[in-house]
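Take a look at it first, and then we'll go through it together.

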Amino acid sequence: MKTVYLDNNATTAVDPEVLQEMMPYLTELYGNASSIHNFGGQLGKKIDHARQQAAQLLNCHPTEIIFTCGGTESDNTAIFGTLARYPDKKHIVTTRVEHPAVRATCRQLQQQGYKLTELPVDAQGRIDLDQLQDEITDNTALVSIMYANNETGNIFPLKRIADIVKDKGAILHTDAVQAVGKIPIDLAQLPVDLLSVSGHKLHAPKGIGLLYIRRGTRIAPFMVGGHQEFSKRAGTENVPAIVALGQACQLAQKHMTDENTRVKQLRDQLEAGLIKTCPNSRINGDPHARVPNTTNISFEYIEGEAILLQLDRLGIAASSGSACTSGSLEPSHVLRAMGVPFTAVHGSIRFSLSRFNTQEEIAYVLEKVPPVIKLLRSMSPFSPENSPNEILTS
Ligand code: PLP
């Protein structure tokens with residue numbers, strides 16, 4: 001059975017053109033880019049080229065980019081690296097809906113004595129910009145606010161956020177893992193200091209990412225050792241993966257229009273179709289500011305895991321807002337922060353598309369999902385048809 005893969009915010013397929021580009025560096029061109037001999041040394045040019053490709057996508061200077069092993073490392077580098085340079089400042093501002101790569105890192109720092117402000121969000125997942133302004137003080141070293149949310153696809157107003165943060169004199173990091181490649185980002189116009197990218201969310205392999213560091217930003221290395229990556233990230237360069245990320249960035253730029261038209265249309269069609277055919281379902285997120293590939297839908301009164309298992313049997317891969325990587329049934333911290341009601345938070349499903357999805361696949365999902373929801377509802381003790389009212393309201 002062919003899989004209809006709608007879990008692209010978890011990870012994406014490596015684009016065949018990316019694979020083709022990186023292949024020689026896994027086989028015959030296996031040298032170390034730091035070597036004196038040409039066999040290895042020639043690879044430096046390939047790394048430079050990849051850096052240029054990435055810089056072009058973000059509209060920044062290539063020397064403002066360091067390659068890392070992924071989004072988590074980029075986030076950790078941005079946070080720990082900044083705090084190390086501002087030892088007198090002990091306050092971090094972030095939001096309640098960050099990915100664990102930022103959230104858990106900031107909470108760990110809180111346990112070590114930092115003051116942590118996690119900005120709340122409204123029912124659509126938006127922060128209050130006045131509150132952001134009020135929370136930043138002279139003691140604030142870093143503000144870390146994501147560009148796009150991985151669960152809902154919400155896009156944060158980074159330009160306005162950046163203007164506020166820079167005006168207050170703090171450093172601004174944004175986790176742009178779910179934004180890069182999906183929406184245009186122009187760092188010449190956007191005064192963020194640090195921006196994280198993960199390769200496997202934009203059709204490069206896992207284990208590669210980058211951190212944009214605006215020229216002049218003070219940041220200590222997180223990985224310490226050799227002098228690679230302008231002495232900001234030690235470790236022998238992963239040349240095949242770096243080449244792949246460069247190529248993936250170039251392709252992302254080429255496909256940006258498709259992402260924002262055809263993929264968006266498919267997402268909108270899927271979303272509208274499911275809302276229409278599945279009663280008691282609702283969209284989670286800001287309908288006016290979302291990345292074009294993501295929809296998060298709550299099918300009320302049923303469990304997300306039960307839906308996913310049924311979809312899996314039908315060859316549809318999506319993900320649930322309630323199961324986290326640890327396998328626990330803790331409801332999503334993002335949806336809880338948005339105040340999504342209990343009966344809806346547990347039945348939330350994220351469908352995330354990519355440029356490889358087709359109209360036929362969406363038609364298949366629209367045909368298969370409604371009967372699954374109907375079946376599960378018929379078995380749910382929480383469903384209005386099956387339960388006395390007091391269970392619902394308790
Ligand atoms: N930040 C966000 C918003 C993400 O969605 C993810 C991955 O899901 C990460 C960070 C972590 O990236 P990586 O898997 O490359 O470490």
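Which of the 13 residues around the ligand come nearest? Keep in mind that this is a predicted model. Of those 13 residues, Thr72, Asp175, Gln178, Ser198 and Lys201 come nearest to the ligand.

Let's see who makes up the rest of the picture. Sorted by class, the shell around the ligand holds eight polar residues, three charged ones and two nonpolar ones. If you look for the element that gives the most to this shell, you'll land on helix 4, residues 71–85, which supplies three residues.

Now zoom in on single atoms. Over at Asp175, an N or O atom of the side chain sits 2.6 Å from a nitrogen atom of the ligand. Lys201 also points to the ligand's polar atoms: one of its polar side-chain atoms is 2.5 Å from a ligand oxygen.

Val14, Leu19, Met23 and Leu26 make a nonpolar surface patch of about 330 Å². Pick out Met23 from that group: you'll find it in the loop between helix 1 (16–22) and helix 2 (38–41). Is Met23 buried, partly exposed or exposed? Its relative accessibility is 40%, so Met23 counts as partly exposed.

Terms used: Residues numbered from 1 in each chain as written. Predicted model: local features only at pLDDT ≥ 70, side-chain atom pairs only at ≥ 80, totals over all residues. Heavy atoms only, no water. Patch = residues over 30% accessible without salt bridge, like charges linked within 9 Å, V, L, I, M, F, W, Y side chains within 5 Å. Areas by Shrake-Rupley, 256 points an atom, 1.4 Å probe, with all protein chains shown as cover. Salt bridge = Lys/Arg side-chain N within 4 Å of Asp/Glu carboxyl O. Helix = DSSP H or I, 4+ residues; strand = E, 2+ residues; numbered from the N terminus. Buried < 20%, exposed > 50% of the residue type's maximum accessible area, 1.4 Å probe, protein only. Near = heavy atom within 4 Å. Polar contact = N/O pair within 3.5 Å; in protein donor to acceptor, adjacent residues only side chain to side chain. Nonpolar A, V, L, I, M, F, W, Y, C, P; charged D, E, K, R; others polar.
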